[in-house]
Each structure stands twice: as C-alpha cells, then as structure tokens.
Amino acid sequence: MADPVDPQPPPAGSGPASGANPAPGLGAPAGSGKPPESGPAAGGDAPPGNAPAPGYSPPPGYGPPPGYGPPPGYGPPPPGYGPPPAYGPPPGYGPPSGYGPPPGYGPPPGYGPPPGYRPPSGYGPPSGYGPPPGYGPPPGIAPPPGFPSWAWAQPVTGSGRFRAQSFGELLDSTFTVYRRKFLPILAIMALFQLPYLALQFFGERSALASLTTFSSQAQTISQTALQNELGTIFADLLVVLAISLGYYILLVPLAQGAVIRVVGDDYLDRSTSVGAGLGTALHRLGGLVGYVLLELTVALGPLVPAVALALLIGGDAGAGLLVVLTLAWLVYVIFVFIKMSLGIQAVVLERLSPVAALRRSWRLTDRSFWRIVLAYLVIAVASAVLSGILNGLAGIFVGSAPAITQASVELVASGVIDIFTSPFILILLTLIYYDIRIRREAFDIEMLAQSL
C-alpha cells in the first residue's frame, strides 16, 4: 500500500495573503494539520465585493450556535400598540420665561363692545363661583364704594390716632368718639337708666306725697296716726334708698362696662355693637360688682373708726375732732377715688380681678394724678352747665305746678340729662387709660405688631 503523499503548498499568490489568519469556523481537510483557509479556492480570483464563489457553501457545522436567535414571542408589536396613557412632556415643560407678545401688542384702539352693551340675561360666571368661603375683609372697616370686598384689607390699627395725646387732644377725641358712637352709647345708658328712673320717680313721688299729707295734717293728727304716717314715710325712703343702692352697685357697673367695651373697640378700630358691649359687661359682672364694692370699702372704711372715736370723746372736743376727721376723710376719698378711677377699665379690657384691677389702677395713675383730676373738673363743669340749662327750661314749663309735680319733673330732667352726660367721663377715662399705656408700656407698638 503506497505511502500517503504530503500535499504540496500552493503556489505564491494563489492563497491568502501572507500572515493572514484564516476565518474562524472554516475547517481544513482532515489530517492536514493546517488551519482553514480564508480565501477562495486556490488558483481562483476573488469575486467582486468579497462575495463567495458561485456554488460555494460553508462546510458542515458552520453557522450560529444552537439556541441562538430572538427570544420566544419576539416579533412585531400587537395591534393597538402605542404610547402609554397620559404620555406627554414632563412637568414644567413649556416656553421659556418672558416668552409672549412684544410690548405694546394688543387690540387696536376702539376695539371692544359698543357703548351701552350689556351681556344677555343669565350670562355670567356659574352659580357658586367666587372667592373661597371666609375670604374677604376682616370685620370692622367696610371697603370703599365700588371696591371689591375680596381685595379689601384691614387698615393699620389706630388709623393714625393710636398714639400718645395731649390733654386737649384727649378732649377732642372724647367728643369725636361720643359723636361717632352716639347711638350705641345712648342705647346702653338708656337701657340701664330708664328703669331706675321710673322706679325712683314713683318711689320718691310716693314719699313726697306722704310727707305732704303729713305736713298738712300735723296739727290735728293723733299720736297713733302720726306713728303710722312716719312709718309709711320711712318705708318709702328705705325703698328709694334700696333702689338707689341697687342701681349704683349693679346697674351702673354694667352700664360702665358696656360703654367701656364700645369705646375700646372704637379706639382700636374694631367692630362694635350694643350686643357686644352688653355681652362683655354681663360676662364680667362679678368683677365689675366686686370692684364697686371694693371702692366703697376703701372709701368708707376710715370713716367708721373716725366717727366712733369722736363719739367716744364726746363734748365739744369730740365735735371738733369729728369736723377735722371729716375734712381729712373727704380729702382721702378724693385721693382714693382718683387713684382707683382706671380700675373699671382694667376689669373690662384686661379681665383682671377686683384686687388686681385696684393695684393696676394705682400704678397707672402714678404721674397722671392731676391730669385725671383736670378731666373730672372739665366734665363736671360741662355737665353742670348743661344740667342747669335743661333744668331751667323744665322749671319754666312747671313754674306754677304743685311741689310734687315740680319735684317729679326735676327728677326726670336730671335722669335724662345724666343719660346724655355720664358717658363723657367714661370715654375720657378710657382714652386716658390707653394714653398712659402707650406712654409707659409701648402699647401702640404691641398692637401694631399684632396687626401685621
């Protein structure tokens, strides 16, 4: 058997270029021991475009490895395939800042509805459209006419007068507040004054009638009838005294508290009404009555031991001592009355207890004692002049009437005058109270800070 002959190498230029690696995957003939050739068959020219020669096919096993290809189910998208719902540009995407029509751009002059044009009936925003609930001006100051209420803002606290004032400015502010809040103040004073005036009228008229009857029959009346008449007069006077005491301890503090609340609200530019004033007075009833009783206790307390001492000494020395002690007590009462004059404001406006209000008033009136005295003098003189004029006019109409009628008319006239004049001192003292707090405690800065 002949030996196998080694194959001869191909002639130069008939194989692949020198140094070129054979294409992977191309095998060599069995037993050749050489790597596969990458070019076309030996001795042939490469076809254009590096395409294999006609009839050429890859040797067995040539191709992608087993299992290679697209995954199962891969293919064209099913019908209806498209972008997911709500697909669009990312949030915030839009034209750059400042983008828009050039300056001056707009409709030509005269463009718009013809004069007198009105929208048809029923045209406008849907029902319920408008600013959110609760949005609008704060209570107190109404917007100017024609100004939209939803765009109105509360003015700064005090409207320019929330500052320290001279005594002349305080007097002017007193009359300004009284004129501006005349109806609420008058309603409050009449509500408490008229019932007392009616009871006082009938009570004093009964006492005066009994006294007049007793005077006309004094010469012929028996001892038993005299005792009965005196008992009737004394009982009538006790009724009048009880009514007066109840009025000054209960009704006067209520009226003062309600008026002070109205004046305070007006000074601070807050909405106010008769109901708000009465509500505050009733809520602070215990403090108001307690402060009045405290005033009476402090004022009348020293009088009791003074009278007891004078009676104990007796004689002319006791009488002289009583006069001296009475004068000293009057000076003491005036001093204490001025020092306690701002306590009722502290009870209402600061909600203090009677004792705390007494201490508060005592501190506030330091260095303002004579200004408060001057306030009382001015209001007393003005009230006295007004009372004298009205009482004189009343006396002209009842000049020849019986004494009981004259006394009754004078009583009614005094009560009506008191309704109109008594609020002045309350207003002035309330303004002095605020003025002292502004000067010493920077109360104006505190309230302005709260209004920001």
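Which residues in H7 meet which residues in H10? The views below take up this contact, the nonpolar core and the salt bridges. The model is predicted, so that local features need pLDDT of at least 70 and side-chain atom pairs count only at pLDDT 80 or more, whereas totals for chains, interfaces and linings use all residues. Residues are numbered from 1 along each chain as its sequence is written, and side-chain values use heavy atoms, with hydrogens and water left out.

**View 1. Contact of helix H7 (residues 315-339) with helix H10 (residues 369-397).** Phe335, Phe337, Ile338 and Lys339 in H7 meet Phe369, Ile372, Val373 and Tyr376 in H10, where contact means heavy atoms within 4.5 Å and helices are DSSP runs (H or I, at least four residues) numbered from the N terminus. The two axes, which are lines fitted to C-alpha atoms over the stretch in contact, with angles running from 0 to 180 degrees between N-to-C directions, come within 10 Å and cross at roughly 100 degrees. H7 is therefore roughly perpendicular to H10, a term covering 65 to 115 degrees. By class, this contact has seven nonpolar, no polar and one charged residues, with Ala, Val, Leu, Ile, Met, Phe, Trp, Tyr, Cys and Pro counted as nonpolar, Asp, Glu, Lys and Arg as charged, and the others, Gly among them, as polar.

**View 2. The largest nonpolar core, with 52 residues.** Such a core is a set of buried Ala, Val, Leu, Ile, Met, Phe, Trp, Tyr and Cys residues joined through side-chain atoms within 4.5 Å, buried meaning under 20% relative accessible area, exposed over 50% and partly exposed in between (1.4 Å probe, protein chains only). Ile185, Val259, Tyr291, Leu342, Ile427, Leu428 and Ile432 touch the most other members, and helix H11 (residues 403-441) gives the most to the core, with 13 residues. Leaving aside neighbours within four places in sequence, Ile432 is in contact with Leu170, Ile372 and Ala375.

**View 3. Salt bridge between aspartate 366 and lysine 339.** The side chains meet at 2.8 Å, N to O, a salt bridge being a side-chain nitrogen of Lys or Arg within 4 Å of a carboxyl oxygen of Asp or Glu. This pair links distant parts of the chain, 27 residues apart, with aspartate 366 in the loop between helix H9 (354-364) and H10 and lysine 339 in helix H7. Aspartate 366 is partly exposed at 35% relative accessible area, whereas lysine 339 is buried at 4%.

**View 4. Salt-bridge network of Glu350, Arg360, Arg437 and Glu441.**

Notes
Helices (H or I, at least four residues) and strands (E, at least two) are DSSP runs, numbered from the N terminus. Angles under 35 degrees count as roughly parallel, over 145 as roughly antiparallel, 65 to 115 as roughly perpendicular and the rest as oblique.
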